[in-house]
Amino acid sequence: MRQVRQALHDNKVRLFAPIHLYHLAAAHRRCGDYDVASELLEEGIRIIEATGERMFEAELYRLRGELQLEVGRVESGEAALTTAVAVARRQQARVWELRAIAALARHWSENGNTTAARDLLAPVYGWFSEGLDAADLQRARSQLEQLH
């Protein structure tokens, strides 16, 4: 992972760097290296702001929110997830909006607010009439079933 990170830093063009930083941050998160994961996400967000390459912006904010919630930073985690939803809506990226909303609904559900979680997730899941066997939609459906 260090070699990949160094290669990204050496890339002067920074083309597609946010998506690579996202995947690298996700790997560090899985390894429990939350500080490095957070640094990588922040770097990806800085690159987005500097370059205007916003293709993966919502996913960076979603992962940032999930990571913040995982380490107990509830306020900043919820704020990042809310930003992820807003970015996805602005970009009309429905799957990324579903992912961000599912993460926020999962957090609310885990904290006893199942009604709000269901009310948030159900209409977004309802948008989809095709591809219902896709992993994101299967997870959302399962999550909704648990909320009933």
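This is a predicted model: local features need pLDDT of at least 70, side-chain atom pairs count only at pLDDT 80 or more; totals for chains, interfaces and linings use all residues.

Mentor: Leaving aside residues up to four places away in sequence, Leu-98 touches Leu-121, Val-124, Tyr-125, Phe-128, Asp-136, Leu-137 and Ala-140. Leu-98 and Leu-121 are also the two that touch the most other members of the largest nonpolar core, which has 39 residues. Helix 2 (17–30), helix 3, helix 4, helix 5 (74–91), helix 6, helix 7 (114–126) and helix 8 each give two or more residues to this core. The biggest share comes from helix 3, with seven residues. As background, nonpolar side chains in soluble globular proteins tend to be buried together.

The buried residues of helix 3 are Val-36, Ala-37, Ser-38, Leu-40, Leu-41, Glu-43, Gly-44, Ile-45, Ile-47 and Ile-48. To read such a list, recall that an α-helix has 3.6 residues a turn, so residues three or four places apart point the same way. Just after helix 3 comes Gly-52, with a positive phi of about 80 degrees.

Back to Leu-98, which also lines the largest pocket, together with Arg-62, Glu-66, Arg-99, Ala-102, Arg-106, Asp-136, Arg-139, Ala-140 and Gln-143. Two of these lining residues, Asp-136 and Ala-140, are among the contacts of Leu-98 as well. Helix 4 (57–70), helix 6 (94–110) and helix 8 (135–147) each supply at least two residues of its lining. By class, the lining has six charged residues, three nonpolar and one polar.

The second largest pocket holds about 160 Å³ of space. Its lining is made up of Arg-29, Glu-66, Leu-69, Glu-70, Leu-81, Ala-103, Arg-106, His-107, Glu-110 and Asn-111. Helix 4 and helix 6 each supply at least two residues to the second largest pocket, and helix 6 gives the most, with four. Five of the lining residues of this second pocket are charged, three are nonpolar and two are polar.

Definitions and conventions: Residues are numbered from 1 along each chain as its sequence is written. Side-chain values use heavy atoms; hydrogens and water are left out. Buried means under 20% relative accessible area, exposed over 50%, partly exposed in between (1.4 Å probe, protein chains only). On a 1 Å grid over the protein atoms alone, a cavity is a set of points where a 1.4 Å probe fits but cannot get out, and a pocket is an open set with protein on both sides within 12 Å along at least five of seven lines; lining residues have an atom within 4 Å of a point. Ala, Val, Leu, Ile, Met, Phe, Trp, Tyr, Cys and Pro count as nonpolar, Asp, Glu, Lys and Arg as charged, and the others, Gly among them, as polar. Grid points are joined across faces, edges and corners, and a volume is the space filled by probe spheres set on the points. A nonpolar core is a set of buried Ala, Val, Leu, Ile, Met, Phe, Trp, Tyr and Cys residues joined through side-chain atoms within 4.5 Å. Contact means heavy atoms within 4.5 Å.
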